Amino acid sequence: MDSHMPDEGTAYGLPAGTSRSELTLVTAGTPGGEFLRRYWHPVGLASDATERPRPVRILGEDLILFRDGCGRAGLVYPRCVHRGTSLFYGRVEERGIRCCYHGWLFDVEGRCLEQPCEPEAGKKMRDRVRQPWYPVVERYGLIFAYLGPPDRKPLLPRYDLLEELDEGEFLEADDSSIGSGGAVIVPCNWLQHFENVMDPFHVPILHGSFSGPQFVEQMALMPEVSFAATDRGVKCLQVRKLEDGKIFNRVTEAVMPTLRLVASPRVTRYTRASAVGWVLPIDNTSFRIYVVGRVRKPGEMREGTSRYEGKRWSELTAEEHQRLPGDYEAQTGQGSITLHSEEHLASSDRGVALVRRLLKEQIDIVKAGGNPMGISLAADQPPAANQAHGNQEVVRTEAGNYLVDRDADRDAAQSGGPER
Amino acid sequence: MDSHMPDEGTAYGLPAGTSRSELTLVTAGTPGGEFLRRYWHPVGLASDATERPRPVRILGEDLILFRDGCGRAGLVYPRCVHRGTSLFYGRVEERGIRCCYHGWLFDVEGRCLEQPCEPEAGKKMRDRVRQPWYPVVERYGLIFAYLGPPDRKPLLPRYDLLEELDEGEFLEADDSSIGSGGAVIVPCNWLQHFENVMDPFHVPILHGSFSGPQFVEQMALMPEVSFAATDRGVKCLQVRKLEDGKIFNRVTEAVMPTLRLVASPRVTRYTRASAVGWVLPIDNTSFRIYVVGRVRKPGEMREGTSRYEGKRWSELTAEEHQRLPGDYEAQTGQGSITLHSEEHLASSDRGVALVRRLLKEQIDIVKAGGNPMGISLAADQPPAANQAHGNQEVVRTEAGNYLVDRDADRDAAQSGGPER
Amino acid sequence: MDSHMPDEGTAYGLPAGTSRSELTLVTAGTPGGEFLRRYWHPVGLASDATERPRPVRILGEDLILFRDGCGRAGLVYPRCVHRGTSLFYGRVEERGIRCCYHGWLFDVEGRCLEQPCEPEAGKKMRDRVRQPWYPVVERYGLIFAYLGPPDRKPLLPRYDLLEELDEGEFLEADDSSIGSGGAVIVPCNWLQHFENVMDPFHVPILHGSFSGPQFVEQMALMPEVSFAATDRGVKCLQVRKLEDGKIFNRVTEAVMPTLRLVASPRVTRYTRASAVGWVLPIDNTSFRIYVVGRVRKPGEMREGTSRYEGKRWSELTAEEHQRLPGDYEAQTGQGSITLHSEEHLASSDRGVALVRRLLKEQIDIVKAGGNPMGISLAADQPPAANQAHGNQEVVRTEAGNYLVDRDADRDAAQSGGPER
């Protein structure tokens, strides 16, 4: 204060920060939103579709999920096409859902089957209206929906990690946002989470020195890291030299458009990843994660949920959330949508930069009228990636924790690891 | 999903919906707001005006209601004309309300009577300021206010249903929003309720098959319905053929600007309606209902409040509200202001269409500088409607539940019913 | 209602009110905000800066306050300059604060000392980034921050009331908003409070006849009031003739930019004021008050907190807040930002008018590139005010409650009172 030299670098005059909205926004009509709408997204567990209409939000759209008496899942626009009353109050029947106000009945594809207040139950008119709907497919214990242009609807991909089960394994689906480090619904833009998948450097800091070693000891070592493009997204190879001279190779993948292939950071076994996670953008400023994994006993999926000084995230006090931050705090701490104009990316952010560049490319492809990475429009038109593996349907992946004895094995690990 | 034919009718690309704002908005300066401002509206029960200033909201305006020590009700703009402190904190005295900050005293018509911090209590200046106020009239146990242009202030109408009492009857006023099927303040646009009055078709669906028969058995029959314009609004005749060969004629009325004349759907007696309801638009996205009825014992008005599996609305769980929807759920389920662009009106909506058309006509009359339907500007200038009945003051109405033995009586019923 | 003369002065057609935003807005880039940014403002008690990062908001800016292991207080922009995670989750260390996400370490002046995920801890790059920060100074038990242009940073003023202690006195700082009459954070614009300091007329009304005599008996007398400009703001002399023939002279001061010098309205002794209050604009629509006073025993500062029928403000019911309004209710009752266009200032508002005029002048000086009142940019360039008193550092003030025996002493009182 006594200095005659003016202070440098103060916050005075800091310009208002801006976000890269072309990457972050997910609503209909935005570049990112249209890109995301070329893929299937999980909209619930199979058990979420019941005779009780369930409100869901996905890519900024509010919809009603239900299952008719014939067992078919349906996903419809909430406002009844007649007078706009929400089908949340509808009654699910054998053939579809009936609006509470005047009783119009719609099937899972939005066809109007009955208008009970009209002459002859609306025989003349009902075929001229259709309740807006979206196609759904059930697989892996999840319900997937396609919210994009009908003539671009792709096949729902199959993943080797979930198709090829070892003896004794079965699939378990989870909707508790495993991997977010916190609440089921995370109040920030989905990309703040998705790019984190290609950010291995934060692990020894955030999950090491800050929260105490949340994971196993070997994860706290600062790895040697390299990144590479794949035919389905971006992968990261982390090489850690263990004390016994062996080498721990860890491969994680960010797969277009929202998939996270992350082997357990608790490394109970050295092997391929056991789960696929989908980051579901609920809207521009919140997301959740659906995960499907191969397990050997029910409930195994959630066993690895993070602990902080022995407590679950939901049990922490406000003071503990501040003192023991995890992914949830770090990512929501970037704001509801981070301000990219204020960032200073460094060499350790090159994975993040790769993810953003790839997303930007794919978004531009969609803008230009093309089909983005990983899309297969018909069983006889698989994406190049799958053809290369000689299998038209199953997407082959590399994520996992691998142990190798010699340096020479390192390169091999990059294409999947020798222990698969 | 394997089909090569693109899906039809999906929600992809659905345009953003729009509302008919000229009908729905109620705030000052909007077409609908100016139309509504040509009439008196209930602003509280007579007992709401006391020495404790009471905040009220009506047509989007926040006001303070009080009753001075002389018994006069006052309705004033909340911000003191001096420095803007809310008169909510004012003290009510013999002659008016005194602001807490510097003590300016205003009478029920906003005249400034005292400025205690000014020389001679503001003798020189106080006549030059006036606290903005609105005229009020008490009748039927309610306080009515007129928020419109002073030179268009009409007479407060009298209604036959409330002026002509049978032996043993007296009037009871109610502010619990009887008729809304739910909460006292309903969080959606008032028109969603008002047009429902001319929508008899929803009764057997919403109040029949959905919530269980909320009303008497004969109401669950699908009626033969006709609509007609009246000199005060729109009426609806519902004809139901009972099992014993008799005919049940039910007449309901929507009277300009917000009145609902609906005989009890519980039909304890076949006779003229016993109550008048005013739908009060609190603001663009909420309303409440004031009702005055002829009763024979105190508290009789609320006895007919809807039950859902034996419970009151306020006692329902969230799951029960969803499973047992009533008018509240159906109308708020249309959104805070429904999206008219997405509607598909059918033949059973012709009453709704009539109400909207009439409102539009009356709004256009006001826009063009005229006086809308049902306005009488002085005792010697009654509206045509009343003249026709040979009575200058009392509005004659037709609403009620009537029982007739022969088809020939149907026409008679339309003009009031033979049993009056 | 039967009158043929239209009502006058009704609220119909009342234009929407407007605020004088050039005086009220405090955010960066606004005229008032830039004026306020030429001064130091309290941002917390000295004890608020600890190793636990503390979010503070001042002039609409969210910042993080902490104290490093060397005892230096720091005030930084919350978003880490690396990837934007909030330093609220940072860890405070010996040399500064470390971001939880990738571990960048910043000192109290925003210099980046470590980037642990970068080669050589970021040796090459870290000097090229700087975490936005603000200078702070600790004095009187408070932490003051300067949020303005670095080349205009003034000296932090010293005040005689806090520099010259009587025998047995010591300083006590308080953050409970003493003087606001209510909650710690008051949800309205700061100017509604600040101008109240020059509004002695409200005292006998609001604090007299409304809330019951909150202060001593002599304060309830309506005073003879005069105002005058000072070299540091505006002062008010209130003269009350006591029953014993003596004269009670009370001087209050509003000092630029936000200071309130108000002697205790409980008048336990006739003497100079014992405290300085800073009205801190938190943002455009909320403020709090920091006070430092000379006391003789710990906790003495809060002893004079207002009581309402014996209760603390926080203990009042909603009904009691309405019936017993104080400064909090009167000022928040003007709205979040009062509507100046609707005011009708009278002769008793001339102090308020003076404060606004002075603020406007000073704001215009800043707009024109000058330095506003009371600014000393270096120890050898004191503001004129201080020079006049022959002391380059200490601002001399006049506020206090003084007792004089003869009318002749009145004039003397205006320049500080004979009993000092």
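The residue C:Glu120 is placed in the loop between strand S8 (112-114) and strand S9 (133-134) of chain C, where helices (H or I, at least four residues) and strands (E, at least two) are DSSP runs numbered from the N terminus. C:Ala121 lies in the loop between S8 and S9 of chain C as well. This is a predicted model, in which local features need pLDDT of at least 70, side-chain atom pairs count only at pLDDT 80 or more, and totals for chains, interfaces and linings use all residues. Residues are numbered from 1 along each chain as its sequence is written, chains are lettered from A and ligands numbered from 1 in the order in which they are written, and side-chain values use heavy atoms, with hydrogens and water left out.

Most residues other than glycine have a negative phi, and most peptide bonds are trans.

| Residue | Phi |
|---|---|
| C:Glu120 | near 50° |
| C:Ala121 | about 55° |

Buried means under 20% relative accessible area, exposed over 50%, and partly exposed in between (1.4 Å probe, protein chains only). C:Glu120, at 54% relative accessibility, counts as exposed, whereas C:Ala121, with a relative accessible area of 24%, is partly exposed.

**Cis peptide bonds**

In chain A, a cis peptide bond with omega of about 0° joins A:Met256 and A:Pro257. A:Pro257 belongs to the loop between S16 and strand S17 (259-261) of chain A. In chain C, the peptide bond from C:Met256 to C:Pro257 is cis, with omega near 0°. The loop that holds C:Pro257 runs between strand S16 (247-255) and strand S17 (259-261) of chain C.

**A charged patch on chain A**

A:Glu217, A:Glu243, A:Asp244 and A:Asp405 form a negative surface patch. Patches are made of residues with over 30% relative accessible area and no salt bridge, with like charges joined within 9 Å and nonpolar side chains (Val, Leu, Ile, Met, Phe, Trp, Tyr) within 5 Å. A salt bridge is a side-chain nitrogen of Lys or Arg within 4 Å of a carboxyl oxygen of Asp or Glu. A:Asp244 is exposed, its relative accessible area being 56%.

**Relation of the chains**

How values were computed. Areas by Shrake-Rupley, 256 points an atom, 1.4 Å probe, with all protein chains shown as cover. Lys, Arg positive; Asp, Glu negative; His and termini not counted. Charge placed at Lys NZ, Arg CZ, Asp CG, Glu CD.
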